[in-house]
Amino acid sequence: MMPRWILPGVALLLGASVSAHAATIQITMENLVIQPAEASAKVGDTVELINKDVLAHTATARNGDFDVAMPPKKTVTFVLKKAGAVEYYCRFHPNMKAVLNVAQ
Amino acid sequence: MFVRLSAAIAAVSLLGSAAFAQGAKPTDPQIAHIAYTAGVIDINAAKQAKTKASNKEVKAFADDMIRDHEAVNKQALDLVKKLKVTPEDNDTSKTLSKNAADKLAELGKLSGAAYDKAYVANEVAYHKAVNSALETQLIPSASNPELKSLLQTGLKIFQGHQQHAEKVAADLK
């Protein structure tokens with residue numbers, strides 16, 4: 001018989017398992033091109049930024065939502081916290097632009 | 001003004017293609033030397049820009065050129081080491097270096113907005129000349145597949161630089 005006080009804990013665990021099902025969105029930067037040019041995700045999803053170039057890049061949101069450094073030949077991840085259609089670019093190579101549609 | 005600027009760009013491009021247009025098909029050690037030299041030239045121009053430029057976007061562009069060309073040249077050095085190729089000095093490298101030294105001296109006499117415009121205009125012209133040389137001469141002449149592939153990557157990077165420089169030039173107008 002489960003004591004009553006455990007129930008909130010179970011609820012918390014369930015909550016945790018829901019966010020564990022959040023998706024991972026892959027975005028690749030290669031030869032100064034961002035792929036895909038437009039991606040869709042949800043708040044709580046993880047974005048995996050894959051830099052295949054020998055150059056440093058950044059994923060910088062025009063509205064200031066995120067600014068992630070991407071060292072050469074490395075993969076970095078971050079979690080989406082805010083909804084919205086976010087235009088982002090590379091600060092070092094401003095011709096590299098893409099859009100990330102983040103749903104609530 | 002527009003006519004003068006176009007004439008200046010045409011002159012630089014001619015110098016650039018003159019540097020690349022001579023002699024027979026370059027060998028891999030010569031190609032490696034030319035590609036590395038071309039990178040060093042742009043790094044030196046950017047270093048001068050860091051001390052002389054006044055516009056924020058121009059300064060940031062110069063930082064980008066140093067960061068990228070150093071990264072690409074490091075790849076080139078790692079590759080020649082791996083392939084046990086010794087880069088070989090040649091007439092194209094010499095002409096490039098000579099032209100670049102003249103250009104640095106010329107830009108060195110300018111200041112303020114005039115310097116910013118001239119530096120960026122030269123970056124557009126220089127990347128155009130290098131990209132055309134990569135496309136029409138260096139990449140087709142390279143025989144080692146890894147060298148060819150690095151040059152192809154370099155071309156994509158430098159085409160990005162050319163677009164970036166064109167954007168900065170347009171913003172300065």
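Mentor: Gladly, starting with chain B: residues 24 or more positions apart account for 82% of its contacts with a separation of 6 or more. Two residues are in contact if their C-beta atoms, placed from the backbone, lie within 7 Å. Keep in mind that this is a predicted model, where local features need pLDDT of at least 70, side-chain atom pairs count only at pLDDT 80 or more, and totals for chains, interfaces and linings use all residues. Residues are numbered from 1 along each chain as its sequence is written, while chains are lettered from A and ligands numbered from 1 in the order in which they are written.

Trainee: What is the figure for residues 24 or more positions apart in chain A?

Mentor: In chain A they account for 44% of the contacts with a separation of 6 or more.

Trainee: What makes α2(B) and α4(B) roughly parallel to each other?

Mentor: The axes of α2(B), residues 28–52, and α4(B), residues 91–108, come within 10 Å and cross at roughly 5°. Axes are lines fitted to C-alpha atoms, for helices over the stretch in contact, and angles run from 0 to 180 degrees between N-to-C directions. Angles under 35 degrees count as roughly parallel, over 145 as roughly antiparallel, 65 to 115 as roughly perpendicular and the rest as oblique. The two helices are therefore roughly parallel.

Trainee: Which residues meet there?

Mentor: On the α2(B) side they include His33(B), Ile34(B) and Ile41(B), and on the α4(B) side Leu96(B), Ala100(B) and Leu104(B) are among them. The residues of this contact divide into 8 nonpolar, 8 polar and no charged. Here Ala, Val, Leu, Ile, Met, Phe, Trp, Tyr, Cys and Pro count as nonpolar, Asp, Glu, Lys and Arg as charged, and the others, Gly among them, as polar.

Trainee: Which residues of α3(B) are buried, and what covers them?

Mentor: Among them are Val58(B), Phe61(B), Met65(B) and Val72(B). Their cover includes α2, α5 (112–141) and α6 (145–172) of chain B.

Trainee: Why is Leu32(A) called buried, and why is Lys73(A) called exposed?

Mentor: A residue is buried if 20 or more other C-beta atoms lie within 10 Å of its own, exposed if 12 or fewer, and partly exposed in between, with C-beta atoms placed from the backbone. Leu32(A) has 23 such neighbours, so it counts as buried. Lys73(A) has 12, so it counts as exposed. Leu32(A) lies in the loop between β1 and β2 of chain A, and Lys73(A) in the loop between β6 and β7. Leu32(A) has a positive phi near 60°, and that of Lys73(A) is about 55°.

Trainee: What makes β2 and β7 of chain A edge strands?

Mentor: Their open sheet has 4 strands in the order β2-β1-β4-β7, with mixed pairing. β2 (33–35) and β7 (75–79) each have a single partner strand, so one side of each is left without a neighbour in the sheet.

Trainee: How do you know that β1(A) and β4(A) pair?

Mentor: Two strands pair if DSSP finds at least two bridges between them. 6 bridges join β1(A), residues 24–30, to β4(A), residues 46–51, and these strands run parallel. Ile27(A) stands opposite Leu49(A) in β4(A).

Trainee: What are the partners of β5(A)?

Mentor: β5(A), residues 57–61, is joined to β6(A), residues 67–70, by 4 bridges in an antiparallel arrangement. β5(A) also pairs with β8(A), residues 84–89, in the antiparallel sense over 2 bridges. His57(A) stands opposite Met70(A) in β6(A), and Ala61(A) opposite Tyr88(A) in β8(A).
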